[in-house]
Amino acid sequence: MSSNEQYSVEISDLKKRFGDFEAVKGISFKIKKGEIFGILGPNGAGKTTTLNMILGLLKPTGGKIIIEGIDNAEDGEEIKSMIGFMTQETVVDSYLTARENLRIFARLYHIPEERIEQKVGHALQEANLTSFGDVAAGTFSGGMQRRLNLVKSMIQEPKILILDEPTTGLDIQSRVGMWQEIKRLNKAGITVILTTQYLEEADQLCDRIAVIDHGKVMAIGTASELKRLVAKGNLLSIKVDEDDVLKVTKMLKSKFGLEVQNKEGTLVAPIEDKQLDKLIKISEELKKEKVNVQTIGIHLPTMDDVFIKLTGASIRDATGAQQGEKNITKVGGFGRR
Amino acid sequence: MGLLYDSITIFTREMLIFKSNLRTNVIRSMMFPLIIIIFFGNLGNGISNVPVAVANYANSPTSVQFLNTLQSGSTLTIKAVTNEQEGLNMLRAGSVSALVVILPSFPKTQNGQPSVYIYYANSQFSETGVAIPFIDNAVSKFSGQTSNVQIQNDVSAVSTQGTNSSYRDFLIAGVILMSVAFGGVFGGGMSIIVDRQLGNIKSFLITPISKNAIVLGKLFSGTVQSTIYGLLALVLGFLLGGSIAMGIAGLIWIIPLIVFVAAAFSGIAIMLGSRIKTIEVYTIIAQTITMPAWFLSGAFFPASSFPSWLQPFNAADPLTYATNGIRDVMLNGFFPLNHIILDFGVVIAFAILGIIVSFGLFKNTIE
């Protein structure tokens, strides 16, 4: 077994084929112990399929998954006890009380009967739900349900926690609360793997990020490493009237040698040296050409820029279609498409 | 930890959900039986002048007196026949609803044999429901003992003969099984679809339990819930004036029949739920299976009254055997060994088939 003490999850050349469609085309990455690892990608990228294979819900067509040194083809059951999973849909049994919800999962994870009550009590405390222990979970607010769901996923004290879009649909306060909770768990030594559609979330929360598209890893690294892929320096962004877009694009290319990308009406181009000089010169040129400039500025690359560069899609398109993807998976079709 | 432990956990979860909706579940399960028994259970009341053939082999003053008693009032219209065969021919031709044979020993029993035989045709169930208790009652008046009459029907292929042959009791057997079958198909097992839609199945599958534990747990809970529905229908039947001819001991036969039918339909529910993705489609398909199975079992009408082309369907319907078994107990008060073997044999085979198929077809959400 080619496992390394340092890694929690080692994936090599992972493949999954559904009929004619290859959803995952040889993905490899290693997740270090104690890391928060983000998986980013647009609709149909293969994120969910990859997660499902790590979770043991899908059998890979090819490749290897080693979790905490154990090959998941060899001892799936052992691995399942080491992974906690929180789905995007908040899965709590709404007719059952919080306590009953936790008790059922404690049993499903084979926690010895004599330890269950203590565990359940502790979990309720963690979720700040002690006084709601005997209340039907269906009456809880979204945030309470999410908290219950999280402690439910953690009841077996997993080494790895997988979160599929943990903050989707949450209000800002609950989202920040969830981030703190994820960081707290991570500090306690748990390796966290999460998918997200919020680039800002990936940026702030994740130690490393893998950008996946078309079933392949497009890039992998820390947020700043990924941003450096877009531009070594800063990005120039200019927003002009729609009629002027073409003219300005040509002008920037011919006079300043800038490779311009059109990002929803805003022209973006990396500039590496003498940034301020260039900005002034560009401004003067625009004035001369009588272009109506709405905004102009330079900024550091964002994860959004990374995403667009790597996948060619704006995250907004991806999230719009995301729901459709989820629905297909949920009704038990062949993954997606 | 074994399969059993895991399936008990799933079972516990299902039963907790059932319990939290207990009132709704109970009310829903009782509405249909209640309506059917109240509306149709009294069919046959107000019937009079039922044509009955009488072959009097006794010809004694007592037997003539007995005949007069039968003729008193307007319940029966008596047609005297010279022998048993002539009466049976009339019964088969449908010109009379029953045949009374008075043996020479009347009103005494001889060697333990009864002195009065009553034959009846199943197709005349509402009329015989009135006539037989009346004749039975008259015999007891003369002989002073209730066992001095034997009721038989060799007229029809399917036996539903009995001392309790009121249409209400006849109907209750069918209604109990309706509650069980519908409870099984629309109760526990259907939850697979909802669980899948909500992501519960996925959250079970990521735990170390096996798929089979989920099926087994759902099968257990579906069976228990449908059995509860069946017993509720039985109690409802009692409250609305039904009775068991065999007495309370009859439950020894009735309950296992209910349990096997419950298991079979829970298996069908899991099988369908494993393959069908939406509640809407499920409902249509489940009804298409359950309704005909219920009607064809002779729940409302004796199967002998079905046209001949329907008879094979009746014979192929597993519910027929459960219905017949319960009717033997409730109406006849006597469950002959050959019936026990046939009825239980078919019902148990049906349950085993349902269970095996449900295990075979259960697929997880993703693959």
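I began at a bridge: D164(A) has T195(A) as its partner in β8(A). Strands here are DSSP E runs of at least two residues and helices are H or I runs of at least four, numbered from the N terminus.

Before going on, I noted that this is a predicted model, where local features need pLDDT of at least 70, side-chain atom pairs count only at pLDDT 80 or more, and totals for chains, interfaces and linings use all residues. Residues are numbered from 1 along each chain as its sequence is written, and chains are lettered from A and ligands numbered from 1 in the order in which they are written.

Next I followed the strands. β7(A) (residues 160–164) and β8(A) pair in the parallel sense over five bridges; pairing takes at least two DSSP bridges between two strands. From β7(A) the chain passes through helix α6 (residues 172–187) of chain A to β8(A), a right-handed β-α-β crossover. Right-handed means that, with the strands pointing away from the viewer, the path from the first strand over the helix to the second runs clockwise.

I then looked at the other partner. β3(A) (residues 36–40) is parallel to β8(A), with four bridges, and F37(A) stands opposite I193(A).

Is β8(A) buried or exposed? I found five of its five residues buried (20 or more other C-beta atoms within 10 Å of the residue's own; exposed is 12 or fewer, partly exposed in between, with C-beta atoms placed from the backbone). T191(A), I193(A) and T195(A) point one way, V192(A) and L194(A) the other. In a regular strand, side chains alternate between the two faces of the sheet.

Last, I checked chain B: F295(B), in helix α11 (residues 279–296), counts as partly exposed because it has 19 C-beta neighbours inside 10 Å.
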